[in-house]
Amino acid sequence: MFSDFAALIVLLPVIAFVLTLFLGKKLPHGGAYLPIAAIAGSFIISLGIFLQIYPEGIVQQSIPWFAGMNLGILIDPLAVVMLMMVSFVSMLIHIYAVGYMSHDPARPRYFAETSLFTAAMLSVVLSDNILQFFISWELVGLCSFLLIGFWYHKPSAAAAAKKAFLVTRVGDVLFLAGIVLLYVNMSDIITSRAFSLAPGNFILQFKSMFDAIPLIDKTQLTYITLLFFGGAVGKSGQFPLHGWLPDAMEGPTTVSALIHAATMVTAGVYLVARTFPMFVAAPDSLLVVAYVGGFTALFAATMGLVMNDIKRVLAYSTVSQLGYMMLALGTAGAVVGAKAVGISMFHLISHAFFKALLFLCAGSVIHAVGTNDIREMGGLFGKMKITATTMMIAALALAGIGIPFINIGTAGFFSKDAIIEGAFEYGEKTGDLIPYGFAVIAALLTSIYIFRLWFMAFTGTPRSERHSHESPGVMTGPLMILAVFALFFGFSQTGFYHYLETNFELMGVSIAAHEGEAVPPPIIVVLLPVIVGVLGFLISYAIYHKRMLDMSKLISSQNPLYKLLLNRYYEPKIGADLIGVKLTHNVVAQSGEFVDRKIIDGLVIDNIISNTLFQLGEVVRKLQTGVVQNYASVTLLGIGLLLVLLRIKFGGT
Amino acid sequence: MAALISLMIAIPLIGAFIAFLTRTREQARSIALLTSGISLVISLILFSRFDSSISTIQFGESYPWIASLGVSLKFGLDGIGMPLVLLSNLVIPLTVLFAWGETKEANKFYGLILLELVGVLGVFTSLDFFVFYIFWEIVLIPMYFLISIWGGPRKDYSAIKFFIYTHVASLVMLLAIFSLYWNTYQITNTFNFDMFTLLKNYSLIESSIFKDAIFLALLFGFLVKMPAVPFHTWLPDAHVEAPTAGSVILAALLLKMGGYGLFRVILPILPYSGSPGKLISLMAIIGVLSILYGTFLALAQRDLKKMVAYSSISHMGYVTLGAAALVPLSVSGAMYQQFSHGLITAVLFMSCGVIQHSAGTRIIHDLGGIAKHMPKLAFLMLAGFLASLGLPGMSGFIAEFLILVNSYFTLPTFVILALFGIVFTAGYHLWAMQRAVFGTYNEKLGHIHDGADYEVLSMAIFILLIIFFGLNPNPVLNMMTTNAEQLLKFVVLRGVIT
């Protein structure tokens with residue numbers, strides 16, 4: 001049975017990592033076939049397990065580790081759909097990279113690191129306990145650090161890698177603090193005998209955590225979930241820890257595709273989904289998730305409007321779409337409980353297909369024209385028909401274009417519109433329509449920026465002299481496969497929701513169902529997402545294709561709004577310069593150095609203690625005779641005297 | 001097979017004398033590698049025979065020495081000492097391997113390194129306070145010479161500062177040992193330096209002020225050695241001037257003596273001290289202060305080696321914090337941190353040494369892009385730095401995770417403060433890597449070469465050990481936990497913590 005080989009899902013790419021690292025130089029294509037084969041193996045096992053456990057089985061395996069904690073595997077519906085997506089998309093990106101990286105001399109290192117990256121992400125997904133989850137999560141962070149800084153000789157790449165690691169590290173520390181708090185609370189209820197671990201269960205296992213929810217103090221639970229969410233904010237680039245993601249473009253484009261689609265950023269959303277029963281039990285946290293997600297969706301979309309680097313537009317798009325996924329968990333979670341996980345995960349997976357496609361198309365374009373700047377592209381449609389077409393499909397999916405009522409449309413049409421409708425439902429129930437507002441406006445902006453990108457790159461007159469050509473088959477092949485999924489994945493919506501709905505019940509965790517029957521939303525609510533999507537398309541068509549509006553007035557350094565957006569709300573200045581360099585390094589660290597050198601060493605040691613001893617030494621010097629025996633006798637005398645004194649003072653007898 | 005411990009100590013001692021007498025460096029280094037290697041084999045035999053489930057002394061040996069003063073040569077191992085004996089025997093042969101190319105007065109150089117092994121093994125195995133103190137002092141002398149003969153430009157200042165600082169601390173500790181000795185004499189009317197007897201009788205001292213004074217004197221002796229803020233300023237100076245092998249031994253082994261003292265001496269008497277609550281708070285404050293202060297000072301450094309030196313202060317702060325928390329797993333986490341830090345810091349100081357040797361400078365701003373010409377060094381150094389910043393999968397994470405999680409039970413505020421340090425710890429490590437190793441190659445450095453094969457091999461073995469103990473902590477963690485639980489039984493009984 002496939003479940004017997006579940007550990008191989010992670011181990012195969014780990015083995016490929018080691019082999020490629022050390023043997024890659026001697027193999028064709030830098031050893032690329034090793035990780036491709038390994039990840040294909042992971043995919044096949046994942047698929048096999050899915051077929052084996054569908055519709056309501058789960059796989060659990062566990063071995064004890066250290067200090068009462070364990071290593072283990074938990075494959076439930078939530079995990080298995082993630083496993084299939086991660087391994088499948090990662091495999092396609094690896095195949096594409098054979099072409100994309102064909103000229104890079106450091107290919108073995110590239111393929112080794114991407115293989116480890118995939119392994120770490122797969123390990124996040126199938127962890128059965130929060131410690132192993134955290135460890136894998138950190139290894140994902142490590143690999144992103146290595147891959148963003150892949151061209152480490154470029155100072156900007158080295159800086160971006162560091163920024164990615166440090167900004168996500170802020171989230172990681174919050175996550176770790178959440179684990180600390182959880183562990184302490186779990187221990188307390190175990191010690192007080194209010195709760196006992198089921199036989200064969202361990203303290204930080206998800207199952208034990210969920211079982212303990214009713215016994216953990218509600219305030220503590222809110223803290224724990226908020227701290228977990230802090231980790232997710234870092235990893236998934238949510239406001240205010242979003243800044244590293246657009247800078248992470250310094251790595252190869254295939255790395256961006258991996259980070260944005262299959263690995264890394266989705267881990268944050270997955271963390272909230274994985275621990276969702278805890279969030280449902282802490283409504284305040286859920287509210288924070290909804291607002292941070294909704295705000296990020298809008299906030300990032302505004303910056304996507306003005307970026308000129310093709311990969312940066314896509315990066316802000318990812319930040320924005322991750323915001324939608326969080327929004328789904330927060331709003332739908334408050335209304336329909338565990339079903340929210342299905343809604344959010346459905347968008348996560350559909351996004352993985354079309355965002356991987358967008359990045360790989362962007363890579364194909366960059367490969368052809370040799371620049372990232374969309375102002376220097378243009379007129380590429382005739383030369384790159386496959387890339388242009390598949391990218392249009394991805395753009396339509398991102399914008400959520402489809403036909404309501406008869407339910408025909410792109411993957412994004414199904415997945416994103418469900419989130420927006422969920423936000424409306426939440427607004428209706430609670431009277432709080434702000435998250436819904438965020439979602440609708442962001443949808444309009446999304447459509448504008450993605451079609452702006454497409455029109456600027458593929459239509460109009462060529463703005464570059466360079467001879468551009470379509471990419472080779474090893475690159476266009478994955479594009480077409482992904483395009484198929486971006487077009488048709490949406491039709492699995494009903495089945496998908498149904499499959500994930502019972503996810504937590506399979507573990508024996510019941511999430512309180514909410515009262516009331518689902519009322520179909522008003523027609524306008526169903527239509528609105530598509531309307532704004534089409535509207536965005538038309539706006540971009542008018543401005544960037546037909547040139548009906550002169551944008552030069554708006555796009556000028558005189559326009560404060562444009563300046564604000566182009567400077568990314570001054571986030572790099574506030575984050576890196578002000579907090580990173582000025583406050584931490586110049587103020588805190590330098591004053592520490594002052595204390596160390598001038599006060600502890602200078603004042604206390606050198607002046608007070610040394611000088612006193614020196615004066616004393618002058619006195620003693622006059623008594624010294626230079627004969628060793630005298631020193632020895634004085635030492636002994638001193639010790640004897642001391643012992644006598646001690647006896648007199650404290651001895652008692 | 002009795003007397004394994006004394007054999008383990010005697011062989012490097014004999015090796016040291018032979019090394020001093022050799023005429024060529026080839027002979028000296030072969031003797032050093034051979035004898036420290038034999039010592040390692042003996043420690044591995046001890047380790048494999050060690051029973052992790054009991055907390056009492058194993059492999060005990062006792063020989064009469066100065067009967068009139070109650071001094072005897074007593075050695076033995078428990079879960080506190082065994083891992084550090086193993087660590088010492090791993091670090092010294094690998095340091096000899098790393099320093100395979102030493103040319104200056106090689107016979108003395110390798111002989112002194114072997115003497116260091118003798119000293120630390122004696123400290124970690126002695127069960128007689130008098131003998132313990134002798135070994136404690138023996139350790140200082142070779143280190144003084146390693147700094148003052150093979151050191152950098154300000155070696156005399158640093159060597160003297162190191163010696164005076166730690167020697168004064170030792171003397172204060174000696175006073176406390178004498179007081180304990182006197183106390184036992186009063187009770188039993190016999191002279192006895194047996195460590196456990198002396199510590200056991202501590203509880204019978206009547207004056208609580210006197211109890212606290214002894215406690216503080218001992219604590220002072222250990223904290224200076226670790227070193228803990230504010231008694232740390234000797235450390236950066238010593239490291240900056242010390243040769244690489246000296247720095248490795250200093251950071252990986254000598255600092256561990258301070259932490260060892262906390263577990264061997266301080267924790268057993270803590271519940272019986274005059275005001276345990278205040279003393280616990282004092283230790284916790286010093287621990288967290290060391291973590292944060294060490295981190296921020298590391299951020300301020302321009303010299304790579306000085307930065308690494310401050311990182312040691314920060315990491316050793318975790319040991320103090322975990323010990324002060326008095327929870328079995330926080331204490332075993334603190335013990336694990338000692339073991340782990342010994343492995344990790346060796347790689348860091350070796351990296352500094354290779355860079356200094358090749359590029360002629362350790363100033364971070366003067367380096368840049370050296371990965372281009374030193375790919376092996378860059379790889380191993382990155383692995384070491386990641387271990388040092390607490391990356392999971394490596395030994396440091398296990399230790400820090402155990403300390404942070406379990407200290408929260410008794411010292412929540414301090415844990416929250418320590419957590420703040422984690423981001424900045426990552427910050428200075430990555431900043432240094434970015435500036436010194438990555439980026440554009442600084443052409444002013446001229447042509448630089450990668451580390452020698454023996455240097456790379458030594459560092460690679462350390463990295464493998466770090467990963468091994470990061471994935472599989474149980475072989476050493478279990479024995480630590482057994483002893484930590486035993487230590488804390490008395491704490492709970494006394495009601496210091498509930």
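Among contacts in chain A between residues at least 6 apart in sequence, 81% join residues at least 24 apart; two residues are in contact if their C-beta atoms, placed from the backbone, lie within 7 Å. This is a predicted model, in which local features need pLDDT of at least 70, side-chain atom pairs count only at pLDDT 80 or more, and totals for chains, interfaces and linings use all residues. Residues are numbered from 1 along each chain as its sequence is written, while chains are lettered from A and ligands numbered from 1 in the order in which they are written.

**Confidence**

The model scores ipTM 0.90 and pTM 0.90. For chain B the mean pLDDT is 90, and 99% of the residues reach 70 or more; pLDDT is the predictor's confidence in each residue, from 0 to 100.

Chain A has 24 helices and four strands. Helices (H or I, at least four residues) and strands (E, at least two) are DSSP runs, numbered from the N terminus. Of the 653 residues of chain A, 56% count as buried. A residue is buried if 20 or more other C-beta atoms lie within 10 Å of its own, exposed if 12 or fewer, and partly exposed in between, with C-beta atoms placed from the backbone.

Helix 2 (residues 33–53) and helix 4 (residues 107–126) of chain A pack with their axes 10 Å apart, at an angle of about 15°. That makes helix 2 of chain A roughly parallel to helix 4 of chain A (angles under 35 degrees count as roughly parallel, over 145 as roughly antiparallel, 65 to 115 as roughly perpendicular and the rest as oblique). Axes are lines fitted to C-alpha atoms, for helices over the stretch in contact, and angles run from 0 to 180 degrees between N-to-C directions.

From helix 2 of chain A, A:Pro35, A:Ala38, A:Ile39 and A:Ser42 meet A:Phe111, A:Thr114, A:Ser115, A:Thr118 and A:Leu122 of helix 4 of chain A. By class, this contact has five nonpolar, four polar and no charged residues. Ala, Val, Leu, Ile, Met, Phe, Trp, Tyr, Cys and Pro count as nonpolar, Asp, Glu, Lys and Arg as charged, and the others, Gly among them, as polar.

**Where the chains meet**

In chain A, 44 residues are in contact with 45 residues of chain B. Helix 6 of chain A gives the most to the side of chain A that touches chain B, with 14 residues. The residues on that side of chain A divide into 28 nonpolar, nine polar and seven charged.

**Backbone features of chain B**

Most residues other than glycine have a negative phi, and most peptide bonds are trans.

| Feature | Value |
|---|---|
| Cis peptide bond, B:Met226 and B:Pro227 | omega about -15° |
| Cis peptide bond, B:Val229 and B:Pro230 | omega about 10° |
| Positive phi, B:Glu105 | phi about 40° |
| Positive phi, B:Asn189 | phi about 65° |

B:Pro227 is in the loop between helix 9 (208–225) and helix 10 (234–241) of chain B, and B:Pro230 also lies in the loop between helix 9 and helix 10 of chain B.

B:Glu105 sits in the loop between helix 3 and helix 4 (106–125) of chain B. Because B:Glu105 has 15 C-beta neighbours inside 10 Å, B:Glu105 counts as partly exposed. B:Asn189 belongs to the loop between helix 7 and helix 8 (195–201) of chain B. B:Asn189 has 7 C-beta neighbours inside 10 Å and therefore counts as exposed.
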